[in-house]
Amino acid sequence: MPKSDRRVIITLFGLIIVGIIWSIYHTHFLSLSAYQQTETLAGISENDSVTYSKKKKNTDREYRHRLLIDSFAKLKKIKEERRQEREKKYLVLRDSFARLKAEREQRKADRDAQWKKTKDSLDALRPKKLSLGESIELNDADSLQLIQIPGIGKGFAHAIIQYRNRLGGFYHVGQILEIKGIPEQVLNYIELTPHTQKMKINELSLLQLRKHPYLNFNQAKAIIEYRHKYGKIKDLSQLSLLSEFDEKSIEKLKHYVKF
C-alpha cells in the first residue's frame with residue numbers, strides 16, 4: 001500500500017475516533033446538563049408553588065376584603081339614596097301641607113271678610129234702636145219703625161201689627177202689654193194718639209164678632225141672642241145685664257163699638 005494511502009486511512013480513522021469521542025462527551029454533557037437543569041427546575045417549581053400558594057391566599061384575602069368593602073360601599077350608597085328619597089318625599093309632603101294650610105287660612109280669611117261685609121250691610125239696613133227719650137207713634141208705626149224699640153224684634157213687631165189690626169187700633173199704650181212676652185220697658189219708647197176703628201155691633205155676624213180680641217165665643221153668642229130677643233143694642237150698658245159681661249170687659253169694648 002502506498003504511503004500516501006496509509007496516511008489518508010490513518011487520518012480518516014483518527015477523525016472517526018475523534019468523532020466518536022466527541023459524540024460520547026457531548027451526549028454525556030447534554031445528559032448532565034439536562035439533569036442539572038431538571039433538578040434546578042424542580043427546585044424552582046417547588047419554591048414557586050409555595051410562593052404561589054401564599055400569593056393566592058393573600059390574593060383571596062385581598063379579594064374578599066375588597067368585596068366586603070365594595071358591599072359596604074353599595075349598602076351605604078343604597079342607604080343614602082333611600083335617605084334622600086325619604087327626605088324628598090318629606091319635603092313634598094311638607095310643601096303640600098304648607099300649601100293646604102295657606103289655602104285653608106285664605107279661605108277662612110275670605111269667609112271672615114265676606115261675613116264682615118254681610119254683617120256691615122245688615123247693620124246698615126237694620127234700623128238703629130231708639131235712645132231713651134225718643135219714641136214712635138204706636139198706631140201709625142210700621143214694622144221697621146217698631147223694631148227700633150229696644151226689646152222689639154221682627155217677631156214682636158209682626159205680633160204688634162197683627163194685634164193692632166184685630167183690635168182696630170190702640171186707645172191706650174198699656175194695651176201693647178196684652179201681647180204675650182212684650183217687655184214692659186217698651187212703654188218708655190212709644191207715644192199714642194188714640195184712634196180706633198169701631199165695629200157695627202148690631203150688624204156683624206157671630207163669626208165677625210168673634211174675631212175681635214175683646215169678645216170671646218160666649219160673649220159674641222150672647223150679643224146675637226140679645227139682638228134676636230130684644231132688638232138692636234143702643235148702649236153697652238144693656239150688655240151689663242148679661243152674665244157674660246162684667247164691668248171691665250164692657251169698659252174695654254166701648255172703644256170699639258158703634259150702634
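1. Let's start with the pairing of Glu87 and Arg83, which form a salt bridge with their closest N and O atoms 3.0 Å apart. A salt bridge here is a side-chain nitrogen of Lys or Arg within 4 Å of a carboxyl oxygen of Asp or Glu. Both residues lie in helix H1, 4 residues apart, or about one turn of the helix. Helices (H or I, at least four residues) and strands (E, at least two) are DSSP runs, numbered from the N terminus. Glu87 counts as partly exposed because its relative accessible area is 38%, and Arg83 is partly exposed at 37%. The cut-offs for these words are under 20% relative accessible area for buried, over 50% for exposed, and partly exposed in between (1.4 Å probe, protein chains only).

2. A word on the basis of this note: the model is predicted, so local features need pLDDT of at least 70 and side-chain atom pairs count only at pLDDT 80 or more, while totals for chains, interfaces and linings use all residues. Residues are numbered from 1 along each chain as its sequence is written, and side-chain values use heavy atoms, with hydrogens and water left out.

3. Two further pairs are worth a look. Lys108 forms a salt bridge with Asp112, with 3.1 Å between the closest N and O atoms. These two residues also belong to helix H1 and sit 4 residues apart, about one turn of the helix. Lys108 is partly exposed because its relative accessibility is 47%, and Asp112 is partly exposed at 39%. The other pair is Glu251 and Lys254, a salt bridge whose closest N and O atoms are 3.0 Å apart. Glu251 is partly exposed, with a relative accessible area of 38%, and Lys254 is partly exposed at 40%. Salt bridges that share partners join Glu80, Arg83 and Glu87 into one network. By the rule given above, the count comes to 5 salt bridges. As background, side chains of opposite charge can pair when their charged atoms come close.

4. Leu68, Phe72, Leu75 and Ile78 make a nonpolar surface patch of about 420 Å². Patches are made of residues with over 30% relative accessible area and no salt bridge, joining like charges within 9 Å and nonpolar side chains (Val, Leu, Ile, Met, Phe, Trp, Tyr) within 5 Å. The accessible areas come from the Shrake-Rupley method with a 1.4 Å probe, and for residues only the protein chains shown count as cover. Phe72 lies in helix H1, which spans residues 3–125, and Phe72 counts as exposed because its relative accessibility is 56%.

5. Which residues gather in a patch of positive charge on the surface? They are Lys54, Lys57, Arg61 and Arg64, and Lys57 lies in helix H1. Lys and Arg count as positive and Asp and Glu as negative, with His and the chain ends not counted. The place of a charge is taken as NZ of Lys, CZ of Arg, CG of Asp or CD of Glu.

6. Two buried polar side chains deserve a check in your viewer. Gln219 lies in helix H5 (residues 217–230) and counts as buried because its relative accessible area is 7%. A polar atom of the Gln219 side chain lies 3.1 Å from the backbone oxygen of Glu244. Asn202 is found in the loop between strand S3 (199–200) and helix H4 (206–210). Asn202 is buried too, with a relative accessible area of 14%, and the Asn202 side chain reaches the backbone nitrogen of Ile233 at 2.7 Å.

7. His172 is placed in the loop between helix H3 (154–167) and strand S2 (190–191). At 46% relative accessibility, His172 counts as partly exposed. A polar atom of the His172 side chain is 2.8 Å from the backbone nitrogen of Gly174. His172 and Leu138 are 34 residues apart in sequence, with a C-alpha to C-alpha distance of 9.6 Å.

8. Ser143 belongs to helix H2 (residues 143–146) and is partly exposed because its relative accessibility is 35%. Ser143 and Gly153 are 10 residues apart along the chain, and their C-alpha atoms are separated by 9.0 Å.

9. Finally, the chain as a whole. The chain has 6 helices and 4 strands, and from the N terminus on its elements run α-β-α-α-β-β-α-α-α-β. Of its 259 residues, 21% count as buried.

Key
A polar contact is a pair of N or O atoms within 3.5 Å; within protein, one must be able to donate a hydrogen and the other to accept it, and residues adjacent in sequence count only if both atoms are side-chain atoms.
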